[in-house]
Amino acid sequence: MTFPKGFLWGGAIAANQTEGAYLKDGKGLTTVDLLPTGEKRWDIMLGNLPSFQPLEGEFYPSHEAIDFYHRYKEDIALFAEMGFKALRVSVSWTRIFPNGDDHQPNEAGLRFYDDLFDELLKNNIEPVVTIAHFDVPVHLVETYGSWRNRKLVSLFETYATTLFKRYKDKVKYWMTFNEINMLLHLPFVGAGLVFKESDNKKQIQYQAAHHQLVASALAVKACHEISPDAKIGCMLAAGMTYPYTCNPEDVWDAMDKDRESFFFIDVQSRGKYPGYAKRFFKDNNLMINMEDGDEELLKSHTVDYIGFSYYASRATSTDPEINNMTAGNVFGSIENPYLEKSEWGWTIDPKGFRITANQLYDRYQKPLFVVENGLGAVDQLSSDGEVNDDYRIEYLKKHVKEMSEAIKDGVEIIGYTSWGPIDIVSASSGEMKKRYGYIYVDKENDGQGTLTRYKKKSFDWYKKVIETNGEVL
Ligand code: BG6
């Protein structure tokens with residue numbers, strides 16, 4: 001048997017893409033609540049925010065999402081039917097601290113997650129909890145400039161500590177920041193950063209990164225103190241960058257691009273800023289303000305495991321003639337002529353999954369947790385309520401196969417939670433039609449639909465995978 005006993009098969013979702021109920025029971029406004037679908041979305045994600053309130057005439061998909069807030073019992077029953085061992089969720093910061101700097105947490109918000117975790121545990125599903133999945137309280141953005149301000153470090157520490165104390169008997173797996181490297185690509189999404197024309201964006205981004213890294217180390221410290229049996233990890237948007245040719249210039253460029261992401265995990269896992277980052281700061285005239293004791297904190301409180309998402313590999317070239325770009329989990333990439341793409345242009349590369357897992361394990365020598373993987377595709381619901389998503393089964397089958405190869409290579413992997421086991425709002429596009437689920441949700445891009453859930457063909461496929469611990473694909 002390839003997959004270890006107790007392997008955490010399951011799925012992963014995030015509060016803002018799933019829960020809806022966006023101002024219910026005292027919840028405050030969070031950054032994602034200001035992301036509409038359509039043209040304005042991308043610009044805002046890059047840090048050009050027109051207003052600290054939702055705009056008239058725009059449609060905001062997070063406000064209702066798939067109404068998981070009210071329907072989680074029904075959804076968890078379906079996950080349990082598939083045999084899930086784990087469900088990765090995130091806590092919405094503004095359900096707990098509606099403004100982010102409140103003196104007391106919001107009891108109704110805390111109670112919601114108590115009930116959610118209880119329901120999971122009742123169904124023998126381990127909650128795997130991300131503390132910050134692409135959301136920052138809007139009040140903190142408006143008042144302090146979000147993560148550019150050191151103030152966020154202690155506010156996050158308070159938030160994280162509140163969670164550890166409250167849920168120490170329910171949650172054994174935590175992660176600090178979802179796809180922490182996304183801060184460099186979508187600064188509003190990753191860190192609530194909003195820019196002025198005159199801002200030195202790189203400087204602000206790396207200062208914000210330092211603040212998140214210190215906050216992450218403080219969360220690791222608090223978690224270990226409050227809940228010694230729990231494990232706390234980091235979370236990287238992974239996917240190896242291939243050099244387009246064997247020209248050493250391309251090889252260096254690929255290494256450099258990967259290091260842009262590894263930088264974060266090098267700090268979180270190895271406990272110090274790597275030499276290449278120091279050189280990068282120097283070459284780019286970036287000055288990172290550190291306080292006394294920061295280096296010691298980073299050194300002493302490293303993560304227990306490496307959580308990562310894998311959707312696609314990337315390719316890079318230094319030849320200006322080779323410039324046909326394609327999308328891929330936000331990171332642009334040169335099109336790889338050997339590989340196919342999804343309908344959204346994300347490269348499909350199962351072997352790249354094995355390569356990436358090996359690369360991460362070689363580098364960090366800590367257990368890996370695959371906390372996102374999957375195919376976003378357009379599904380057709382037939383009149384009798386069926387969805388034949390063979391393409392999704394095909395994608396997942398090949399990826400799980402490569403994950404099993406990685407395990408045979410000696411890579412330690414503790415679990416696999418595929419992305420969006422139930423259809424949810426897409427983070428990058430805000431669409432509903434970019435579906436990842438084993439469960440179809442009747443809802444369209446414009447918000448129309450009954451929200452009824454339907455099992456897709458992949459539902460039974462994944463159930464079998466879990467039942468046989470990955471032996472039957
Ligand atoms: C990851 C995020 O980047 O990819 C998720 O952690 C996101 O929040 C997922 O949903 C898939 O991306 P998208 O844009 O297809 O939803």
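How are H3 and H5 oriented to each other? The structure is a predicted model, in which local features need pLDDT of at least 70, side-chain atom pairs count only at pLDDT 80 or more, and totals for chains, interfaces and linings use all residues. Residues are numbered from 1 along each chain as its sequence is written. Helices (H or I, at least four residues) and strands (E, at least two) are DSSP runs, numbered from the N terminus.

Two packed helices are described by the angle between their axes and the distance between the axes. Axes are lines fitted to C-alpha atoms, for helices over the stretch in contact, and angles run from 0 to 180 degrees between N-to-C directions. Helix H3 (residues 68–82) and helix H5 (residues 107–122) have axes that come within 10 Å and cross at roughly 20°. H3 and H5 are therefore roughly parallel to each other; angles under 35 degrees count as roughly parallel, over 145 as roughly antiparallel, 65 to 115 as roughly perpendicular and the rest as oblique. Their crossing is right-handed. A crossing is called right-handed if the near helix is turned clockwise from the far one by less than a right angle, and left-handed if anticlockwise. On the H3 side, Tyr72, Lys73 and Ile76 meet Leu116, Glu119 and Leu120 of H5, where contact means C-beta atoms, placed from the backbone, within 7 Å. By class, this contact of H3 with H5 has four nonpolar, no polar and two charged residues. Ala, Val, Leu, Ile, Met, Phe, Trp, Tyr, Cys and Pro count as nonpolar, Asp, Glu, Lys and Arg as charged, and the others, Gly among them, as polar.

A second pair is formed by helix H7 (residues 151–167) and helix H9 (residues 201–226), whose axes come within 9 Å and cross at roughly 25°. H7 is therefore roughly parallel to H9. The crossing of these two helices is right-handed. Residues of H7 in the contact include Leu152, Phe156 and Phe164, and those of H9 include Val214, Leu218 and Ile226. The contact of H7 with H9 has twelve nonpolar, two polar and two charged residues.

Five nonpolar, two polar and six charged residues make up the contact of H13 with H14. Asp362 also lies in helix H13 (residues 350–364). This residue is exposed, because 11 other C-beta atoms lie within 10 Å; a residue is buried if 20 or more other C-beta atoms lie within 10 Å of its own, exposed if 12 or fewer, and partly exposed in between, with C-beta atoms placed from the backbone. The C-alpha atoms of Asp362 and Gly410, 48 residues apart along the chain, are separated by 9.9 Å.

Two individual residues are buried. Ala86, in strand E2 (residues 86–90), is buried because 24 other C-beta atoms lie within 10 Å. Leaving aside neighbours within four places in sequence, Ala86 is in contact with residues including Leu8, Ile125, Val128 and Thr417. Its C-alpha atom is 42 Å from that of Asp199, 113 residues apart along the chain. Phe264, found in helix H10 (residues 248–270), is buried with 25 other C-beta atoms within 10 Å. Apart from residues up to four places away in sequence, Phe264 touches Ile180, Asn181, Ala209, Leu213 and Leu236. The C-alpha atoms of Phe264 and Leu236, 28 residues apart along the chain, are separated by 8.2 Å.

Most residues other than glycine have a negative phi. Asp67, in the loop between helix H2 (39–45) and H3, has a positive phi near 55°. With 16 C-beta neighbours inside 10 Å, Asp67 counts as partly exposed. Asn285, in the loop between helix H11 (275–283) and helix H12 (294–300), has a positive phi of about 50°. Asn285 is exposed, with 9 other C-beta atoms within 10 Å.

The ligand is surrounded by 15 residues, the closest being Glu179, Gly376, Ser426, Ala427 and Ser428. A residue is near a molecule if its C-beta atom, placed from the backbone, lies within 6 Å of it. The shell around the ligand has four nonpolar, eight polar and three charged residues.
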